[in-house]
Amino acid sequence: MIKINNISFAYDDKKIFEDFSLEIGDNDRIWLSGGSGMGKTTLVRLILGLEKAQKGEIFIPKDAKPSVVFQEDRLLPFKTALQNVLLITENETLAKENLKALGLENEINTKISELSGGMARRVAIARALSVDFDYLILDEPFTGLDKENVILAVKQILKIAKDKSIILITHSPYEAELLSAKEIKLQT
């Protein structure tokens with residue numbers, strides 16, 4: 001369980017959170033919604049420890065491991081799809097299974113620089129699903145994917161993360177509905 005207790009956070013003079021609290025239980029699927037600049041990605045960065053709250057506390061069990069699909073793909077363009085996934089896991093079987101499930105079986109040995117944006121996005125999703133994790137953070141995970149590939153990705157996410165917590169950031173109610181995520185609306 002992730003417990004966020006009365007956190008406050010600001011970038012210089014721009015207040016993002018003031019006494020904000022939220023509990024994310026084991027196996028919860030939540031959808032962080034709200035307009036641009038409302039703090040969705042900042043909240044994820046706080047949960048991951050990439051930012052520190054100026055006030056309040058975030059409790060995450062010490063052994064809880066995250067996996068993340070960031071807004072950017074964060075792939076190495078000179079490495080192949082499979083090599084990018086294997087940067088975070090030694091389980092080549094699972095890596096190949098995830099790439100195949102995401103429709104990339106013919107691109108496993110193709111360099112990222114030679115893939116379309118949508119294909120690279122699916123590699124980033126496959127990478128996140130190929131590591132052992134307790135909670136999965138998806139920050140605009142389906143950007144650049146057509147409806148068919150969104151559905152492929154969701155099927156694999158639900159298969160791999162069936163008993164894990166999912167934190168989703170998206171502007172698409174459709175995507176949140178596919179993942180059965182409960183909306184948490186962030187606003188000032």
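Asp-12 is exposed, with a relative accessible area of 79%. The model is predicted. Asp-12 sits in the loop between strand S1 (2–11) and strand S2 (14–24). Its backbone deserves a look too: phi of Asp-12 is positive, about 50°, although the residue is not a glycine.

**Positive phi angles**

- Most residues other than glycine have a negative phi.
- Asp-12 has a positive phi.
- Ser-180 is another residue other than glycine with a positive phi, near 55°.
- Ser-180 belongs to the loop between helix H6 (173–178) and strand S8 (182–185).
- Ser-180 has a relative accessibility of 54%. The cut-off for exposed is over 50%, so Ser-180 counts as exposed.

**A nonpolar surface patch**

- Four side chains to find are Leu-76, Phe-78, Leu-87 and Ile-88, which make a nonpolar surface patch of about 370 Å².
- Leu-87 is in the loop between helix H2 (81–86) and helix H3 (92–101).
- Leu-87 has a relative accessibility of 49%. Exposed means over 50% and buried means under 20%, so Leu-87 counts as partly exposed.

**Two crossing helices**

- The axes of H3 and helix H4 (residues 117–129) come within 9 Å. They cross at roughly 140°.
- That angle makes H3 oblique to H4. Roughly antiparallel would need an angle over 145 degrees.
- The crossing of H3 past H4 is right-handed.

Notes
Residues are numbered from 1 along each chain as its sequence is written. This is a predicted model: local features need pLDDT of at least 70, side-chain atom pairs count only at pLDDT 80 or more; totals for chains, interfaces and linings use all residues. Side-chain values use heavy atoms; hydrogens and water are left out. Patches are made of residues with over 30% relative accessible area and no salt bridge: like charges are joined within 9 Å, nonpolar side chains (Val, Leu, Ile, Met, Phe, Trp, Tyr) within 5 Å. Accessible areas come from the Shrake-Rupley method with a 1.4 Å probe; for residues, only the protein chains shown count as cover. Helices (H or I, at least four residues) and strands (E, at least two) are DSSP runs, numbered from the N terminus. Buried means under 20% relative accessible area, exposed over 50%, partly exposed in between (1.4 Å probe, protein chains only). Axes are lines fitted to C-alpha atoms, for helices over the stretch in contact, and angles run from 0 to 180 degrees between N-to-C directions. Angles under 35 degrees count as roughly parallel, over 145 as roughly antiparallel, 65 to 115 as roughly perpendicular and the rest as oblique. A crossing is left-handed if the near helix is turned anticlockwise from the far one by less than a right angle, and right-handed if clockwise.
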